[in-house]
Amino acid sequence: MLRALTRALRLPRPWRPLQTRSCASDGAAGDPEIQVRVLAGPDQGITEILMNRPSARNALGNVLVSELLEALARLREDQQVRVLLFRSGVKGVFCAGADLKEREQMSEAEVGIFVQRLRGLMNEIAFPAPTIAAMDGFALGGGLELALACDLRVAASSAVMGLIETTRGLLPGAGGTQRLPRCLGVALAKELIFTGRRLSGAQAQALGLVNHTVPQNEEGNAAYHRARALAQEILPQAPIAVRLGKVAIDRGMDVDIASGMAIEGICYAQNIPTQDRLEGMAAFREKRPPRFVGK
């Protein structure tokens, strides 16, 4: 069992940095609905995925989902990505959820296939590097499921979020029934899903659904700025140790504590031979900031 766990928990091999770009769109206007931005200077190591479908409030339609999957596939093996930040290019909205107008035109079989793709997308957001959702507006249904798939969530005071599917004759189908109870506990998750209740940013933080809530600014991007500041706190830390810490937590939450401790041990063993571990020890000894390189 331990051998199988070791293979499953192995980090990706170092990879050449990928050139990021906007993903091609099949929309009439030809504008991409997903843009990938690699930040530079003091923000080097932060990569942003920007959702930009203003006509449908970033609703999760076929094109947006395809572009998002393409972007994640290209970025997954890029070791230069230390933090992945999801944000919106549409003021007042993070993601309005599934594109119900598009879904209305689908057959029952097509609906099943599309929801399966959405579920797969949320699993792909379980990225090797830490992920942060910056919610500066509405995050409903699939939009909140996307945020729940991220490691950390930041909301503006103007944000409105909820798994509202039961108010539309549906139930959450892209991971909401699984991730919300893991985040908030079973009883509270059931209450929110059964009622389809919408929460403000402040209410979400009080329940533990988001890590931080900030007052909205005039530009409508206060959550983005707070999420970026949070990403900047992660940047100086040893990237391999951060990734392995994420693996240990994520895998450990799905098993009993004894198995979780074994997973932690496997992850710790993988970190022992890294250059960054030796650099951390040397920096401590020499009383200087460490210079981690991700090796």
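Is T131 buried or exposed? In this predicted model, T131 is buried, with a relative accessible area of 0%, where buried means under 20% relative accessible area, exposed over 50% and partly exposed in between (1.4 Å probe, protein chains only). Residues are numbered from 1 along each chain as its sequence is written, and side-chain values use heavy atoms, with hydrogens and water left out. Because the model is predicted, local features need pLDDT of at least 70 and side-chain atom pairs count only at pLDDT 80 or more, whereas totals for chains, interfaces and linings use all residues.

The protein chain comprises 12 helices and 10 strands, taken as DSSP runs numbered from the N terminus (helices: H or I, at least four residues; strands: E, at least two). Of its 295 residues, 46% count as buried. Contact denotes heavy atoms within 4.5 Å. Among contacts between residues at least 6 apart in sequence, 68% join residues at least 24 apart.

T131 lies in strand 5, which spans residues 131-135. With residues up to four places away in sequence not counted, T131 touches L84, F86, I125, A149, C150, D151, L152 and K246. Strand 5 pairs with strand 7 in the parallel sense over four bridges; two strands are taken to pair if DSSP finds at least two bridges between them. Within this pairing, A134 has V154 of strand 7 as its bridge partner. Strand 7 (residues 152-156) is mostly covered, four of its five residues being buried. Strand 7 also pairs with strand 10 (residues 212-214), in the parallel sense and over three bridges. There, A155 stands opposite T213 of strand 10.

A further open sheet contains four strands in the order 4-6-8-9, with mixed pairing. Its edge strands, each pairing on one side only, are strand 4 (93-95) and strand 9 (199-200). Strands of a sheet pair through backbone hydrogen bonds, either parallel or antiparallel. Strand 4 and strand 6 (residues 138-140) run parallel and are joined by two bridges, and C95 has A139 of strand 6 as its bridge partner. F138 also belongs to strand 6. With a relative accessible area of 26%, F138 is partly exposed. Neighbours within four places in sequence aside, the contacts of F138 are R57, G92, V93, F94, C95, A96, V160 and R198. F138 and S200 are separated by 62 residues in sequence and by 9.4 Å in space, C-alpha to C-alpha.

Two packed helices are described by the angle between their axes and the distance between the axes. Axes are lines fitted to C-alpha atoms, for helices over the stretch in contact, and angles run from 0 to 180 degrees between N-to-C directions. Angles under 35 degrees count as roughly parallel, over 145 as roughly antiparallel, 65 to 115 as roughly perpendicular and the rest as oblique. A crossing is left-handed if the near helix is turned anticlockwise from the far one by less than a right angle, and right-handed if clockwise.

The axes of helix 10 (residues 239-252) and helix 11 (residues 257-271) come within 9 Å and cross at roughly 165°; the two helices are therefore roughly antiparallel to each other. Their crossing is right-handed. Helix 10 contributes I240, A241, L244, V247, A248, R251 and G252 to the contact, and helix 11 contributes G260, I263, E264, C267, Q270 and N271. These residues divide into seven nonpolar, four polar and two charged, with Ala, Val, Leu, Ile, Met, Phe, Trp, Tyr, Cys and Pro counted as nonpolar, Asp, Glu, Lys and Arg as charged, and the others, Gly among them, as polar.

Helix 6 (residues 176-184) and helix 7 (residues 186-195) have axes that come within 7 Å and cross at roughly 135°, which makes helix 6 oblique to helix 7. The crossing of helix 6 and helix 7 is right-handed. The contact involves G176, T177, L180, P181 and L184 of helix 6 together with V186, L188, A189, L192 and I193 of helix 7. By class, eight of these residues are nonpolar, two are polar and none is charged.

Helix 2 (residues 62-75) packs against helix 4 (residues 108-124) at an angle of about 30°, with the axes 10 Å apart, and their crossing is left-handed. N62, V65, S66, L68, L69 and L72 of helix 2 meet F114, R117, L118, L121 and E124 of helix 4. This contact has seven nonpolar, two polar and two charged residues.
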